[in-house]
Amino acid sequence: MDRAAIQVKGLCHDYGNRRALDGIDLRIEEGEIFGLLGPNGGGKTTLFHILGTLLSPTLGKVRVLGMDPVAEARKIRLCTGVVFQSPSVDAKLTVFENLRHQGHLYGLWGQGLARRIEEVLDLVGLRDRVGDRVEVLSGGLKRRVDLAKGLLHRPALLIFDEPSAGLDPGARRAFWNDLEALRRRDGVTLVLTTHFMEEAERCDRVGILDRGRLVALGTPSGLKQGVGKDVIVIASDDAAGLQEDIAARFGQGCTLLDGMLRIECDEGQVLMERLCVSFRERIDSITLGRPTLEDVFIQRTGHRFRTEGN
């Protein structure tokens, strides 16, 4: 194994008779911001728990910072920060008290711990709230306290499970600005799970998980280019019949998904005009847009994001 932050080969994990991860191959470079994108039930949290040394894989090889998360779990925890989806702060304690107790867990004490707390408070913009009880903070500020806890022991790798879950759009943008500043300043590798498309767009690379399989891997722009230049979506009372007629007249393939027709093409404006001329009476609505990561997901899986539990 070389100096990749994370390497995964042939990873499988079973819960009884259910396979949650099925043959995952993945490499994450040092200093990357890497996103695991997928619906609930796709396997993101299971992979998060394995990388965070909380679960042992059923099959396959995993290395985190060059170490085995089963045999060397304690060593990995000393150089990895983990931020869970559910807040891990004590609401009745102050920001400072939360950080002090976190430092004690990692063997930090005295003036060294005090200096480090000041550093992380400056980094996440919480110095003026250090004496406030966490219960009075907004959701975005509580998330920053979680981030500060994860950074306290100077980890080389930070792993987040749905880092902006429960945050409003403004707080989500501010939190992401913190993460990007952290990467620029300290070169920390950031790995996160998410079901937010706009969050995945900000990653250097994205792996899309669905039903335990890694169905796509690449940069957000590269994955979207693989879909095509444009996506046309058509609503019609006779979607199935219209699908056949579009193929017959224009030789253009289209997908019927949730009662809507989807066409991936390179000259969307031209094709949309032709469709409107030829089938105006049969089209209830038609839209043209640029491909998104959701379009990538649909192309690779044939369905939209699901909502069942993970």
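Modeller: Helices are DSSP runs of H or I with at least four residues, and strands are runs of E with at least two, numbered from the N terminus. Arg116, for instance, is found in helix α4. The model is a predicted one, in which local features need pLDDT of at least 70 and side-chain atom pairs count only at pLDDT 80 or more, while totals for chains, interfaces and linings use all residues. Residues are numbered from 1 along each chain as its sequence is written, and side-chain values use heavy atoms, with hydrogens and water left out.

Colleague: Is Arg116 buried or exposed?

Modeller: Buried means under 20% relative accessible area, exposed means over 50%, and partly exposed lies in between (1.4 Å probe, protein chains only). Arg116 counts as buried because its relative accessibility is 9%.

Colleague: Which residues does Arg116 touch, not counting residues up to four places away in sequence?

Modeller: Contact means heavy atoms within 4.5 Å. On that basis Arg116 touches Leu151, Leu152 and Arg154, with residues up to four places away in sequence not counted.

Colleague: How are two packed helices described?

Modeller: They are described by the angle between their axes and the distance between the axes. Axes are lines fitted to C-alpha atoms, for helices over the stretch in contact, and angles run from 0 to 180 degrees between N-to-C directions. Here the axes of α4 (residues 110-124) and α5 (residues 139-151) come within 10 Å and cross at roughly 135°. That angle makes α4 oblique to α5; angles under 35 degrees count as roughly parallel, over 145 as roughly antiparallel, 65 to 115 as roughly perpendicular and the rest as oblique.

Colleague: Which residues of α4 and α5 make the contact?

Modeller: From α4 come Arg116, Val120, Leu123 and Val124, and from α5 come Arg144, Leu147, Ala148 and Leu151. By class, this contact has six nonpolar, no polar and two charged residues, where Ala, Val, Leu, Ile, Met, Phe, Trp, Tyr, Cys and Pro count as nonpolar, Asp, Glu, Lys and Arg as charged, and the others, Gly among them, as polar.

Colleague: At what angle do α3 and α4 pack?

Modeller: Helix α3 (residues 95-105) packs with α4 at about 125°, their axes 10 Å apart, and the two are therefore oblique to each other. The contact involves Val95, Phe96, Leu99, Arg100, Gly103 and His104 of α3, together with Leu113, Ile117, Val120 and Leu121 of α4.

Colleague: Where does Gly125 lie?

Modeller: Gly125 lies in the loop between α4 and α5, and is partly exposed, with a relative accessible area of 39%.
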